[in-house]
Amino acid sequence: MIFDYSDYRYFIRPGKTDLRKGVNGLSLQIQNVMRNDPFSKSLFLFCNGQRKLMKIVYWDRNGFCLWQKRLEKNKFPWPETEEEAREIRLEELKMLLDGIDFFKAHKELQYSRV
């Protein structure tokens with residue numbers, strides 16, 4: 001299967017997740033904790049407490065897919081404090097997989113008056 005990343009939305013689950021869970025347990029977390037639809041056209045990202053293991057869950061037409069990436073050295077940049085799912089952009093997903101900490105990047109400011 002050729003995966004078209006541009007068709008999907010990306011949600012990150014801040015904090016640590018027990019990644020002993022498989023696709024069933026993570027799908028329940030998407031639905032009950034993140035308050036999202038696991039069958040939507042979205043990828044859901046989870047990370048363990050040591051930030052060396054990431055799992056991605058998504059629904060693909062007729063079944064769930066589960067990706068896993070384990071780092072042998074270094075750690076994933078990962079937000080700790082937000083309780084809800086946070087949507088990220090495709091560019092941020094690519095940075096996350098490359099180890100770039102976009103969470104600490106300068107945020108866009110918007111003003112209405114000088």
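**Reading a predicted fold**

Guide: Confidence is lowest in helix 2 (residues 90–98), at a mean of 88, and highest in strand 2 (residues 42–47), at 96. The score is pLDDT, the predictor's confidence in each residue, from 0 to 100. Helices (H or I, at least four residues) and strands (E, at least two) are DSSP runs, numbered from the N terminus. This is a predicted model, in which local features need pLDDT of at least 70 and side-chain atom pairs count only at pLDDT 80 or more, while totals for chains, interfaces and linings use all residues. Residues are numbered from 1 along each chain as its sequence is written, and side-chain values use heavy atoms, with hydrogens and water left out.

Visitor: What is the mean pLDDT of the protein?

Guide: A rule before the number. Where pLDDT is low, the predicted coordinates should not be read in detail. Here the mean is 89, and 96% of the residues reach 70 or more.

Visitor: Which residues have the most contacts inside the largest nonpolar core?

Guide: Start with the terms. A nonpolar core is a set of buried Ala, Val, Leu, Ile, Met, Phe, Trp, Tyr and Cys residues joined through side-chain atoms within 4.5 Å. Buried means under 20% relative accessible area, exposed over 50%, and partly exposed in between (1.4 Å probe, protein chains only). The largest core has 20 residues. Those with the most contacts inside it are Tyr10, Ile12, Leu43, Leu45, Met54, Trp78 and Leu96. Strand 1 (9–12), strand 2, strand 3 and helix 2 each give two or more residues to this core. Another core, of nine residues, lies apart from it; Leu19, Met34, Phe44 and Phe46 are among its members.

Visitor: Which residues does Leu43 touch?

Guide: Contact means heavy atoms within 4.5 Å. Residues up to four places away in sequence are not counted, and Leu43 then touches Phe3, Tyr8, Arg9, Tyr10, Phe11, Ile56, Val57, Tyr58 and Trp67.

Visitor: Is Thr17 buried or exposed?

Guide: Thr17 counts as buried because its relative accessibility is 6%. Thr17 sits in the loop between strand 1 and helix 1. With the sequence neighbours up to four places away left out, Thr17 touches Leu26, Gln29, Phe46, Cys47 and Asn48. Compare Asn32, in helix 1. Asn32 has a relative accessible area of 42%, so Asn32 is partly exposed.

Visitor: In which sense do strand 3 and strand 4 pair?

Guide: Two strands pair if DSSP finds at least two bridges between them. Strand 3 and strand 4 (residues 64–70) run antiparallel over seven bridges. Tyr58, for one, has Cys65 in strand 4 as its bridge partner. The two strands form a hairpin with four residues between them.

Visitor: What is the phi of Arg61?

Guide: The background is simple. Most residues other than glycine have a negative phi, and most peptide bonds are trans. Arg61 is not a glycine, yet its phi is positive, about 60°. Arg61 lies in the turn of that hairpin. Its relative accessible area is 71%, so Arg61 is exposed. Arg51 also has a positive phi of about 60° without being a glycine. Arg51 lies in the loop between strand 2 and strand 3. At 27% relative accessibility, Arg51 counts as partly exposed. Gly49 is found in the loop between strand 2 and strand 3 (53–59), and Gly49 is partly exposed at 46%.

Visitor: How many aromatic pairs does the structure hold?

Guide: A pair of aromatic rings is described by the distance of the centres and the angle of the planes. Rings of Phe, Tyr and Trp (its six-membered ring) pair if their centres lie within 6.5 Å; planes under 30 degrees apart count as stacked, over 60 as edge-to-face and the rest as tilted. The structure holds six such pairs. One of them joins Phe39 and Phe64: the centres are 5.4 Å apart and the planes meet at 40°, so the pair is tilted. Phe39 lies in the loop between helix 1 (23–32) and strand 2, and Phe64 in strand 4, so the pair ties together parts that are 25 residues apart in sequence. Phe39 is partly exposed at 46%, and Phe64 is partly exposed at 28%. Phe64 also pairs with Trp59, edge-to-face, at 4.9 Å centre to centre and 75° between the planes. Trp59 is partly exposed, with a relative accessible area of 23%.

Visitor: Which residues form one aromatic cluster?

Guide: Tyr8, Tyr58 and Trp67.

Visitor: Where does Lys41 lie?

Guide: A charge sits over a ring if NZ of Lys or CZ of Arg is within 6 Å of the ring centre and within 35 degrees of the ring normal. Lys41 lies over the face of Tyr8, at 5.6 Å from the ring centre.
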